[in-house]
Structure formats: C-alpha cells, structure tokens
Amino acid sequence: MKDTDVIIVGAGVGGLVLALSLHQAGIACRVYEAVPEIKPLGVGINLLPHAARELDELGMLPALDKLGVHTKEAIFFTRHGQFIYSEPAGKAAGYAWPQYSIHRGDLQMALLDAVRQRLGDDSVRVDHRAVRVEQDDDGVTVHMTDGAGKPLPSVRGAIVVGCDGIHSALRKQLYPNEGAPRYSGVNMWRGVTRCKPFLSGGSMVRAGWLSIGKMVIYPIRDNVDAEGNQLVNWVAEIESPEPAVRDWTRQGRLEDFFPAFADWHFDWLDVAALIQNADSVLEYPMVDQDPLPTWTQGRMTLLGDAAHPMVPRGSNGAGQAIIDARFLAGQLKKQGLTPAALQEYDRVRVAATTKVVLTNRSNPPDAILREAYERSRDQRFERIEDVISHDELQAISDRYKQVAGYDPETLKSRPSFI
C-alpha cells in the first residue's frame, strides 16, 4: 500500500514548490524533511522574473509582496565607486512579473505555510532523513531514520524526488563515486545589515572584482524599524587559495575579508560600515559540481541543488529549482506517475541547467565587472565609454538572460508548465 503518490525528500524551496505544484495538478504527495524543526535560515536571494512567474501561477505573489523588495534595477560599479552600467529589472524592465529580493528564510516559511494550508498539516513531516531508496516495477520504498540515526518506518510511493540539497543522499546513491565539489577559487562572506535605503531603494548592486574584492548588495525587507531602515543583504567575494568549509551556516570572521573593503566609502553607500554593522557573518566557498548526465533512475530523480549545485553568480539557483519543480509537476500530470514522465523532465531540465551551471562559471552577469576591471587596469576613468561600450555591456547581460530562460520575449511567449 502506498503512503502517497510522490515522496518529496527535502523541504527547501524546490521541495515545497514541487508540493504546491503537484497539489495544483491533483497529485498526492508528502514532504519529508531531515531537521526536527524547519527554521527561517539563510540570508538574501533573488527571484528573477522567470521564477516569479511560476510562483504567480501558484498564487504566492501577494505573500511575497509583503515579505520582499521589488528589485527596480541592476547596477554595476568599480571598487572606486565609479558607475559602469545599469539596467531596469523586473516590472521596470517590461516583464509581466516582478523581480524579488527576499530573505531565503522568509520565502521558505511562506511556501511552508502555503503547503500546510493547502495540503494539510500532515503534508510535511520533519525529523525524517532519507537514507536509501529501493525500487520495483510498481513504485519506490524510501528508508528513513530520525536525526539521531534511529530507523523509522519506510515510506512507499510511486515516485521519489530528491530535493535534499547539496549533501543529497539520493544523489550519493545514484553517483556513489562522484568526485569532490569543484572549487571556483573564490570564497564568500554573507551578512544582513539594517541601514537607510540607498540609490533607488530597490537597487541590486554589484561592485569591484573577484581578484581584489567584489560585493553584491541589495535590500531584502522594507521598513524594518520606525526609522524607515531596510534590511540589506550583502555578499563579499574574494579569490582565495583554499576553500572554506561547505556549510551554509558556518560563521565567518570579519578579519578574513574586511581589509579588502575597508576604504569603500562611496557617496551612494558606505560599504565598509555596512559590513561592520552586520548582525552576523556567514562564510561559504563558491563551489559547484560538474553537471551530471542524468538525474533519473527508474522512479527516482533529483531536483534543485541536489541535481545541479551552481556557483551563486547569476542570482539563479533558487529560480532554477522552482522551474525544475514546475516542469516536473507538469510532466507527471501529462504522463502520469511513470518513469517516462521522469525521463522527459530529465531530458529537458538537465540540458537547460547544464548551460546555466557552465555559464555561471565563466560569463554570468557580473562578467560586466570583469571586463571593466581588466580594460581599465583597475584605474579610475573619466567616462566608462572610454573603457568599454554600453552595447558590449548590454550584450553580456542579454546573453545570460537567454541562457537562463528569462529574456522577456521567451518568458512572455512560453506556455504554462501545468
């Protein structure tokens, strides 16, 4: 007897969007999460318009409007604070859907609340860690333990989807001899700080370059206190010979990276003060894995970071997980709970995300900073046009939109997945 039709392993963004999408498609599912309590962890992420479109189809935008910030522009500066390039974002760029800057924990908890409201309180079970999957002609059996390693009753379903993140047990079962993560040569430190709105109040700033220190800065909550401050997310990235520990919750030390940014005092933002006033600092290596040839074996497949961990240089990791979830739910609705549905999901999404993973390594949107840095030799300039043309900079941005699947025309013309 089946416990449910689709077993979802992991209650991160991808797993919860999959649960909502399967419910929308009329397919029974249950989410199993390893931790004993789901807490709003992490820092800021960006949801680009292609991800916002999928969440709109799930009726989630009113909740996100209350929690996040509508991103109005993407803007690039040198480490001297000199303007390089800007372009409108989200609805300001003509999309039908906004771009959101939001705390990852806020997004996850909003999705979790929606899953429990729509699917029932029993739809998400915590303290259930998937350790092994067995398959037969009729379905899958997922063997579980609790957080202490004590065996729990096995779970039976037609399909199992591993949404269990960068340390995925299902990925390890599919690829037991997979090599170590690929280190990009860059470590990053992340934090959130309360401060007055800067620039447009909805600006996503990228500044500097990896070899001498790069920052990504954007607000993720409005009006967090009586003084009208925003909660601002920032990421500091610097080339480093040794990778940090691959742990999203690892605490970082200011002295390991702050000297590179100590003199970043600009008329549009005091970056040094922003870093120093952070509530806390987290450290993480910029790593990914070489793309896999397939995520699927019979009635088991992977989704999100479990399938395609990528270096976070295109603001696109959560977005691709959301699209995975929506496309997979659409295939299961069209073809039934069959290996054929998983194979079609695999065929389309492996190819699409492989392009994103590889582009994030070489030419994501922040390649704009690389070009300005190299051509100016890190020197101040009178006019950016004397260094690089506006058309060249726009071409870098447009190419990434096409690879990632959110150039305006493609997104507008694509039919719904479900």
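A residue is called buried when its relative accessible area is under 20%, exposed when that area is over 50%, and partly exposed in between, with a 1.4 Å probe and protein chains only. The structure described with this term is a predicted model, in which local features need pLDDT of at least 70 and side-chain atom pairs count only at pLDDT 80 or more, while totals for chains, interfaces and linings use all residues. Residues are numbered from 1 along each chain as its sequence is written, and side-chain values use heavy atoms, with hydrogens and water left out.

According to an unreviewed UniProt entry, residues 3-357 carry the annotation "domain: FAD-binding"; UniProt positions are given here in the numbering of the model, feature names are shortened, and such annotations may be inferred rather than shown by experiment. Helices (H or I, at least four residues) and strands (E, at least two) are DSSP runs, numbered from the N terminus.

Strands of a sheet pair through backbone hydrogen bonds, either parallel or antiparallel; two strands are counted as paired here if DSSP finds at least two bridges between them.

Six bridges connect S9 with strand S10 (residues 140-145) in the antiparallel sense, and Glu134 has Thr141 in S10 as its bridge partner.

Antiparallel pairing also joins strand S13 (residues 182-195) to S17, through seven bridges, with Arg190 opposite Leu282 in S17. Strand S17 (residues 281-288) is mostly covered, since eight of its eight residues are buried.

Side chains of opposite charge can pair when their charged atoms come close. A salt bridge is counted when a side-chain nitrogen of Lys or Arg lies within 4 Å of a carboxyl oxygen of Asp or Glu, and the structure holds 30 of these salt bridges. One of them joins Arg30 to Asp122, with the closest N and O atoms 3.3 Å apart. This pair links distant parts of the chain, 92 residues apart, with Arg30 in strand S2 (residues 29-32) and Asp122 in the loop between helix H4 (104-119) and strand S8 (124-125). Arg30 is buried, at a relative accessible area of 15%, whereas Asp122 is partly exposed at 41%.

Another salt bridge joins Glu283 to Arg250, the closest N and O atoms being 3.1 Å apart. Here too the pair links distant parts of the chain, 33 residues apart, from Glu283 in strand S17 to Arg250 in the loop between strand S16 (230-239) and helix H6 (271-276). Glu283 is buried, with a relative accessible area of 11%, while Arg250 is partly exposed at 36%. In the salt bridge of Arg253 with Asp256, the closest N and O atoms are 2.8 Å apart; Arg253 is partly exposed at 49%, and Asp256 is partly exposed at 35% relative accessibility. Salt bridges that share partners also join Arg53, Glu54, Glu57, Arg326 and Arg414 into one network.

A disulfide is taken to be a pair of cysteine sulfur atoms within 2.5 Å, and by this rule the count is zero. Cys163 is in no disulfide, the nearest cysteine sulfur being that of Cys29, 10 Å away. Cys163 is buried at 10% relative accessibility, and Cys195 is buried with a relative accessible area of 14%.
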